[in-house]
Amino acid sequence: MTKAEIFEFFRRLCELNPEPQTELEFGNTYQLLVAVVLSAQATDVGVNKATRALFREVKTPQQMIDLGEDGLKRHIRTIGLYNAKARNVIALSEILVRDFGGEVPSDRDVLTTLPGVGRKTANVVMNCAFGAETFAVDTHIFRVGNRTGLAVGKTPLAVEKQLERKVPQPFRVGAHHWLILHGRYVCKARTPECWHCAVVDLCAYKHKVLERGGKPRVSGTRDSSRKN
Ligand code: SF4
């Protein structure tokens with residue numbers, strides 16, 4: 001895609017949804033961090049179902065420590081990998097209380113030192129809580145970046161680097177949301193819904209499905225972003 005096409009790509013997604021938000025529910029930065037840790041290889045809908053009751057009870061790292069690992073597990077056992085996630089959430093809460101005065105640090109490198117927090121999680125927190133121009137490449141962004149030609153790469157990090165280089169202002173803070181939502185609801189993994197895609201004329205994908213009910217000629221783009 002040319003620079004002008006990339007600008008137009010985001011201009012249209014922005015026009016459709018001027019104030020994109022994460023679909024994870026949270027009341028403060030600590031709850032956002034916990035929700036993102038819980039969302040690894042799980043859906044936002046599933047995480048929200050579990051955290052609604054949890055977040056009524058727990059708003060700070062100290063309250064999570066007081067709830068304890070077993071108490072946390074009771075809230076999140078519908079979420080995949082909940083044993084490991086509970087261990088990580090308690091451990092990271094202890095570190096936040098011990099080393100950061102109970103606050104979530106606004107530094108990606110520091111965030112990635114916390115248990116259960118990988119680069120993608122740190123990028124989401126930096127973007128959603130602190131308004132940083134970060135690009136958290138999940139399965140949807142990886143697919144959309146590669147299919148469209150916007151950000152081609154074999155790994156999530158390669159796609160992230162491409163996005164860092166190519167996404168123009170004023171779209172850099174919102175880009176990660178627009179791409180996730182576009183992948184989740186339009187450029188779907190099995191069958192991209194190109195027939196109602198706002199950027200169809202800008203997209204380089206060779207196997208567009210241009211009629212409702214049509215089938216892709218190939219299976220979805222290879223996806224190697226399934227890690228946190
Ligand atoms: S045209 Fe199809 S493949 Fe391209 S971004 Fe839109 S939905 Fe995805």
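At what angle do the axes of helix α2 and helix α3 cross?

## The α2–α3 pair

The axes of α2 (residues 29–38) and α3 (residues 44–57) cross at roughly 145° and come within 10 Å. Here axes are lines fitted to C-alpha atoms over the stretch in contact, with angles from 0 to 180 degrees between N-to-C directions; helices are DSSP runs of H or I, at least four residues, numbered from the N terminus. This is a predicted model: local features need pLDDT of at least 70, side-chain atom pairs count only at pLDDT 80 or more, and totals for chains, interfaces and linings use all residues. Residues are numbered from 1 along each chain as its sequence is written, and side-chain values use heavy atoms, leaving out hydrogens and water.

From α2, Gln31, Val34, Ala35 and Leu38 meet Val47, Thr51 and Phe55 of α3 (contact means heavy atoms within 4.5 Å). These contact residues divide into 5 nonpolar, 2 polar and no charged (Ala, Val, Leu, Ile, Met, Phe, Trp, Tyr, Cys and Pro count as nonpolar, Asp, Glu, Lys and Arg as charged, the others, Gly among them, as polar).

## Two backbone details

Now for the loops. Between α2 and α3 lies glutamine 41, whose phi is positive, near 55°. Proline 170, in the loop between α9 (156–166) and α10 (175–185), is joined to glutamine 169 by a cis peptide bond with omega about 5°.

## Around the ligand

The shell around the ligand has 7 nonpolar, 2 polar and 1 charged residues. Among them are His182, Cys187, Cys194 and Lys208 (a residue counts if one of its heavy atoms lies within 4 Å).
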